[in-house]
Amino acid sequence: MWKYIANRLVMVLIVIAGVTLVSFFAMYLAPGDPAELIALERYGQDLDKSQIESVREAEGLDAPVYFQYFIWLDHLLHLDLGRSIITSDDVLEEILLKLPATIELTVAGLLISLLIALPIGVLSAFQKNILLDNCCAFFSLIGISIPNFWLGILLIWLFSLTLHIFPSYGYGSLSHLALPALTLGISMSSITARLTRASLMEVMEKEYILAARARGFDEYTVVLRHALKNALLPVVTFAGMQLGYLLGGAVIVETIFSWPGIGKLLVDSIFARDFSMVQGCVLFIAVLFSLSSLAVDILYAVLDPRIRYDMYE
Amino acid sequence: MSENIKMTEKLSMNEKKLSLWRFGKNRLALFGILFIAILCFLALFAPYISPNDPFVQKLDKRLLGPCHEFPLGTDEFGRCTFSRVIYGTRISLGIGILVVAATSIAGTSLGLLSGYKGGLFDEILMRGVDVMLAFPNIILALMIAGLLGPGFLSVVLSLSLTQWPVYARLVRGQVLSLKKRDFVEAARALRPSNFYIMRKHILPNCMEPVIVLGTLEIAHVIIFASALSFLGLGIQPPTPEWGSMLKSGIPYLRTYPHLCFIPGLMIMLTVFAFNFAADGLRASLGQYTKQEVLDR
Amino acid sequence: MLEVKDLKKHYYSGLFQIKVNKAVDGVSFRIEKGKTLGLVGKSGCGKSTLGRTVLRLLEPTEGSIIFDGKDISGLKGHSLKYLGTRMQIIFQNPESCLNPKMKVYDIIAEPLRLHRLCAKDKELERIKELIEIVSLNEELLFRYPKELSGGQLQRVAIARILSMKPELIVADEPTSMLDPLVQAQILSLLKGLQIKFKISFLFISHDIKVVEWMSDEIAFMEKGKIVNFKTVSR
Amino acid sequence: MRISSPSTQLLSVEKLNVSFKTPKGLVKANENISFEIKEGEIFGLIGETGCGKTTLGKALLRLLSNNARTEGRIVYRGKNILSLSEKEMRNLRGKEIGIMLQDPSICFNPVLSVGSQIAEIYRYHEGMKKKDAEKKASEMLELVGIDSSRKSEYPHQFSGGMLQRVMMVVALALKPRLLIADEPTKGLDPDIKLQILEIIARLVRKENSSMLLITHDLDVSTKLTDRTAVMYAGEIVEIGKTATVISDPKHPYTFALLHSLPEKGLMNVSGQSPSLIFPPSGCRYHPRCSNQLVDCSKTHPTLLEHVDDHFARCLFSEKNSKNVKREPHLIPDTPSPGCAEVGIRHC
Amino acid sequence: ISGENDETAKGDSFVENSQDLIVGISSDVNNWYLDKFADGDARFVWSQVYETLVRLDSNLNIIPGLAESWETPDNGTTWIFHLRKNVTFHDGTPFNADSVVFSYSDKSYVRQAVLKPIKSIEALDNYTVKFVLQKPMPLPFYLTHVAWPIMGPGCLDKAGNFIKPVGTGPFKFESQKKDQEIVLIRNDAYWGNKSLLNKVSFKIIPDPSTQVMAFENGELDMIIKVPEYDVKRLEAKKSIQVQKKLSTFTDFLQFNCDKTPFNDTKVRQSVAYAIDTKALVNDILNGVGKPAEGRPYSPNMMYSEPDLKTYSQDLDKSKALLKEAGWEDSNRDGILEKDGSPLNCTLLVSKGAWAARHTLMAQVAQEDLRKIGMNVEIQVLDEGAISKLEGMGNFGMILRTGYFVWGPYPKHFFIHHSKSPYSHYHNETYDQLVDAADSTIDPQKQKELYYALQNFVIKEVPAFYLVHEEKVVATGPSVKGFVITAEDPWLDLSGVYLERK
Ligand SMILES: Nc1ncnc2c1ncn2[C@@H]1O[C@H](COP(=O)(O)OP(=O)(O)OP(=O)(O)O)[C@@H](O)[C@H]1O
Ligand SMILES: Nc1ncnc2c1ncn2[C@@H]1O[C@H](COP(=O)(O)OP(=O)(O)OP(=O)(O)O)[C@@H](O)[C@H]1O
Ligand SMILES: [Mg+2]
Ligand SMILES: [Mg+2]
């Protein structure tokens, strides 16, 4: 297992290195000369060429691109994500400031999704009631198809404008969390439910379930002891991917509900053309995602003996 | 006797026919296909179907409910919502098909090459894929669209740039397992060119999952594209796009919620249809577990 | 016909390609024209690897393979192509050795088309001839492999190979997945073909009785090396 | 043959029909299967791939998948298995009838250690403490020649042969009266094969249990079984004492099977296995048969006793052998209107 | 209950009511110090904490602020302000001439950007400050602006780093949660009428429609910028009070006169004829606001010419002008061409909630211009992004509002002056007119010059003025005593109190 973990760790490091590369060079997609952009911010509208050139020199923008990349990387390693071009706030500080809100939202979303998904998934896999099963399958398909921005607006309309139960915006209390977390949770639960269902159904078809029955165990033992753990393994792996889904969804949900998290920061920075902030946010999210999928992989390895032992030896 | 003949017919039904038959039995999939067909029809004949010009503003007829002239009412500029929704199919389907065409071709070819050739190329490409997939969901697309500035092209470009790895990874996995199959070895024993083997033996065998994935991806891409537009980074008004229509309907949510409901519903139904179709395809192409097929 | 001298095939694995698996580790033998060399050994001893290396489907690590008086172990690219028609292989698992997306007709016609062994208009005739040799029914020609039974599939595979009139066939456990009755059919078919077309065989199996029936000489393999030869007397 | 006295009869299968519903049609995997197993007997079942052997084995314990439809009677010690409740069935499984499923590599839960999967049986059925159960598991492993220190390992760490042995331990753990062993030697190297079979036979004989040995290896069947049934296309085509079946087969399929081995001259039989959805008319074997009569393609032969205790389903033998008793095996297998009275089970 | 300022009468009834006002604003206060410009809604918050030397009443008349009186001995080049005594900053330090000098030091944004002509500022004594300018200017008008108020030196620590906002206003800074909330508490040592409120919380909700929802749900007591669409509905509600007042801001389409097509006056004029500003106000803005029809500034400001000849929609004239300018539809696609290149341009619109109406107005303008064969592409961007594109000259038109406006004084014309950083128009006559107008303090002369300027803008159209903004504030059922002011970034909470049920 250690080998497996080491292997995954190396992979994640490589991926993170790649992520930095993409984040750095994506900036070159933006039209315009970066030196000019910075100079504009610094010296205002009426620039002359010499000012741009001096910025270029001061910021090291005259060096070859790969050299700039390494300098940027060096800063990164010292946890320096640079400063916002617009507000000249420290990018990392700003992100860390918004992090708790995003974590709060995603964790609540995850909990809600699991709370909805696991019972539905298990129920629809076991219930031989065709109607119920079809209903579950149908609703999980609806859940997958419903765009979360629309869901968010529907929830606002229903719970905030019509029923006046939850506030439609803002951050702070549990009732503020309700709608954004529901939006995120519902739209994700359908995927999880589907996966749980499919995975359980697949496991229940396995020969070892038959073998367990052949040993005279009751259905309860068969399901709880033999099926569930196996069935939840892929769900665990999926949790890693879910996090990506959550983070992606958070961008939209945070924007709809004015939730002061990283997602909203990212969207706002995109509109403000605050490239260093955009870069920082995207990089941060990607690294966060990579690390958490690493954690999930390790968890998986601990749970699954096929990996825990010798697979990578 | 006649029953016997019928049964023999069924036996001689080849795999393709059997797939079709399975698909036909899946009602939801049929609904999906039907809805997609309707959408395509709407998109192709939008100018003939829509009662009004989707761009023309009638400021004296703002925010009307459904009426004779405007079947779904009007928006905040007095434009016909019905016509705009119909024209919206063009954009959504257009982006979906364009992106999926581009990414599936690029992703499949790269995955094919990478899986077949192996070695350093494979290693580099797969790390590249890992890197692309390390950016969650729509975030990278968001960034690219943001950097490129809004517009149709930038939506297509940003989604294409971010969606190809899905295919590359899928196809590579397929190729790796196909490569181990004896028929590829047998074909190699004939000593044709590598290109021949890829084209003739490997590609056709990984097309089925690619087709299923492509159908699913159309659904994804449509959601992503409308999300970008919803955030204001995609298609810009006044172009009738469902996501941006939804967004501009928000201020009227209390009084005219249908301005939000209709485009949202269209996105959902479209995505729904593609998901159903993909589900049906997957089942009929035999990519389900044994049980699921038997259940049907 | 075929002479193999001190052939080695090592697999490298691990993160830095340093782990070595000596699947074939110095093997020499010869096969005369029209004769069969049987190869038996435990599972995993390197039989399949040897068979494939001889055909140059795998790159040999070391050693020479002399086919028809010519060393083919170092051949590259285009010059390998002509081997395509002369040496062929039959596989163990009939279900996986045919492309599931091609019809039987196209599977058999593929070598003909690739090597331009037959004019376009004579193709059908030739294929009918071939399936007659392996005693298959014509109506199967336009089916997909999934719709055929194991024995039929193996016959299709043989017909496809015969279309090239090969001189050497490596048969890698061609009947181990088949039922006794069908195994008997295939083995006698192979034997018949050998006599009719003077084909040499490298016959791999772990069933000593089958190998004894098929071969003129038997090589026993253990851990990548041939440990013993035995001539079969008839 | 006379119907054996009830005291020695352990299991009798009467007119068992199993069919599977599939998109391609109804697969009639078992048709009109009737046989019996006596106490202490090893009963062999041979036949080619896909003829329905495994289906039969699973049907005995009601382990078939949901799309299966089972009709007929399976009488185990006076009880009809097909009409038992799920609870009674659980008491039967493992304790009374053990089964070794076909492929050991997929029959163990990959996330539970081998030892715990054995111990679990003792804990569940005999209420043992965890420690005792584990001790018992180690003992059992040692019995089949596996070092007990490996009990904490996981199935994927065992080789195929070892898993077969563990399977055996699991199946025999509760000392069942009847063991169903489905191809316990498939895919193993010849020397391990014999080893395993010897262990099985030893264990079975020791407990004076019975065994249903499913195989398509004639050698194995010859060496181990007391009586053998030969299946073809979902039907039993020949049944009798192993020695007589091997030395004097009455059905051409058995004959061909025996002579298709290389050492027996590799007799060449044309044709291929029949489809179970659309089986050939008349005698199922007639398209491949070398000595077929005109009637063979029209009349479906019944299973008739040719010599003492030796039944076969063949018109040709019927005609040629003099002392055929025109007395069908167990119950006449002319098509019957239904099996309502014996308990039809729709799963 | 009457709104009289009889404190003793109200003292008791207030005890039960928590006097905590919650106000919705759309952007956070990003800086509290004078080295940067306070933009957007930040100024509503600033106006509670900081005060200016000169103030405006709710009808834009100049009244004393922190300065009790002022004089100019030499017709506008030197200005002497007499300061109010007994005023203390929030940190307890006294307000005096030094703090004025501190607030207008050359480190301040206002000195660097707007009051460049100030030569020197000196404290004549503790309560008298002298400003010396390079040229005559109506300085008191400038000093009314909320974004350059008087700050206490206590803002800074010893090293000169900003620590916390220290002003003289009726409220003190309490706490701030970035992009969420700013809390102010009453300044009990306020020199004027002390606020009746204990606490004011500004909730930051960028999206105007979300603001309205929150307001209607009772989560907010007051919203300062009600979207035009919601005005009628809110007005109809009994419990809600909506106050409207024509403000000093005017929305306008600024042309990039350095580039084709808008370097041609005829094209600009044709745009002016194409857009129906009356429809804009009546239909899109639901009657909130006043059609400008090209008039450069709001009629409630100084020197607004009543007989100005303004534009009204005339598509034929518009098309004719374009034709004269050489634009013709040669390929019959509905879009005009000249020398092979089509009549395309971009229209930048701010995403900010400062003027949410702009996205709507832009789309109507786009549709109007399409009718005359001009293809307009709208880009909705952040303010920062717009100024960047603007700096690079990478645009056709910008829809914006209220630059350089403070009080009733029409400083606004400077925006088209060559020296203005926002100018994309270069005309010597215009520059001279603006310079002359700005360096005179004689009302009669000023009037003449500003009339001339208004006519010039109408004729040359460096920008086309669309709508005079009407400021709309809505207050919830419990808010009493609020009176709207005409100056926009200014929120007057004096006399406001709460009566919750
Ligand atoms: N592609 C490969 N990469 C690395 N090792 C391999 C590869 N193919 C085979 N091996 C190893 O080489 C050894 C010989 O394998 P080979 O398939 O030749 O055995 P075999 O004798 O044919 O066995 P069997 O009877 O099971 O077919 C085995 O240890 C196997 O694990
Ligand atoms: N669950 C099922 N659904 C549909 N068809 C089935 C199912 N199980 C078995 N069959 C079919 O029933 C027939 C008999 O299968 P069975 O597994 O009993 O054969 P077998 O004699 O055990 O073969 P082998 O020797 O390969 O194990 C086969 O044609 C098989 O395809
Ligand atoms: Mg092999
Ligand atoms: Mg079986």
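Mentor: Please do. Chain B and chain E bury about 1,800 Å² between them, with 55% of that area on carbon and sulfur atoms. Buried area is the accessible area, taken with a 1.4 Å probe, that two parts lose on being put together, summed over both.

Trainee: Before going on, what kind of model is this, and how are things numbered?

Mentor: It is a predicted model, in which local features need pLDDT of at least 70 and side-chain atom pairs count only at pLDDT 80 or more, while totals for chains, interfaces and linings use all residues. Residues are numbered from 1 along each chain as its sequence is written, chains are lettered from A and ligands numbered from 1 in the order in which they are written, and side-chain values use heavy atoms, with hydrogens and water left out.

Trainee: How many residues does each chain bring to the contact of B and E?

Mentor: Chain B brings 20 residues and chain E brings 19 residues. Contact here means heavy atoms within 4.5 Å.

Trainee: Which side chains meet in a salt bridge there?

Mentor: The rule finds 1 salt bridge across the interface of chain B and chain E. B:Arg254 and E:Glu216 meet through their side chains, at 3.0 Å from N to O. The rule asks for a side-chain nitrogen of Lys or Arg within 4 Å of a carboxyl oxygen of Asp or Glu.

Trainee: And how many residue pairs are in polar contact?

Mentor: Across the interface of chain B and chain E there are 6 such residue pairs, both residues being at pLDDT 80 or more. A polar contact is a pair of N or O atoms within 3.5 Å; within protein, one must be able to donate a hydrogen and the other to accept it, and residues adjacent in sequence count only if both atoms are side-chain atoms.

Trainee: Which chains share the most contacts?

Mentor: Of the 8 pairs of chains in contact, chains A and B share the most. In that pair, 48 residues of chain B are in contact with 51 residues of chain A. The area buried between chain B and chain A is about 4,300 Å², and carbon and sulfur atoms give 81% of it.

Trainee: What about polar links between B and A?

Mentor: The count between chain B and chain A is 1 salt bridge, together with 3 residue pairs in polar contact, both at pLDDT 80 or more. B:Asp279 and A:Arg194 form the salt bridge through their side chains, at 2.8 Å from N to O.

Trainee: Which element of chain B gives the most to the side that touches chain A?

Mentor: Helix 12 of chain B does, with 12 residues. The elements that give two or more residues to this side include helix 10 (194-231) and helix 12 (258-284) of chain B. Helices (H or I, at least four residues) and strands (E, at least two) are DSSP runs, numbered from the N terminus.

Trainee: How many helices and strands are in chain A itself?

Mentor: Chain A has 13 helices and 0 strands. Its C-alpha atoms fill a box of roughly 85 × 60 × 30 Å, taken along the principal axes.

Trainee: Let us change topic. How far apart are the closest C-alpha atoms of D and E?

Mentor: Chain D and chain E have no contact, and their closest C-alpha atoms lie 49 Å apart. Chain C and chain E do not touch either, with their nearest C-alpha atoms 48 Å apart.

Trainee: Which domains does chain D have?

Mentor: The domain assignment gives domain 1 (9-111 + 154-225) and domain 2 (232-322) of chain D; such bounds come from an automatic or database domain assignment. The two domains of chain D bury about 1,700 Å² between them, 58% of it on carbon and sulfur atoms. D:Glu31, D:Glu48 and D:Leu218 supply 33% of the area that domain 1 buries against domain 2, more than any other three residues.

Trainee: How many salt bridges cross that domain interface?

Mentor: The rule finds 2 salt bridges across the interface of domain 1 and domain 2 of chain D. Separately, the side chains of D:Glu48 and D:Arg288 meet in a salt bridge at 3.6 Å, N to O.

Trainee: Finally, in what order do the strands of the chain E sheet run?

Mentor: In chain E, 4 strands form an open sheet in the order 4-5-7-6, with antiparallel pairing. The edge strands are strand 4 (67-71) and strand 6 (118-125) of chain E, each pairing on one side only. Two strands pair if DSSP finds at least two bridges between them.
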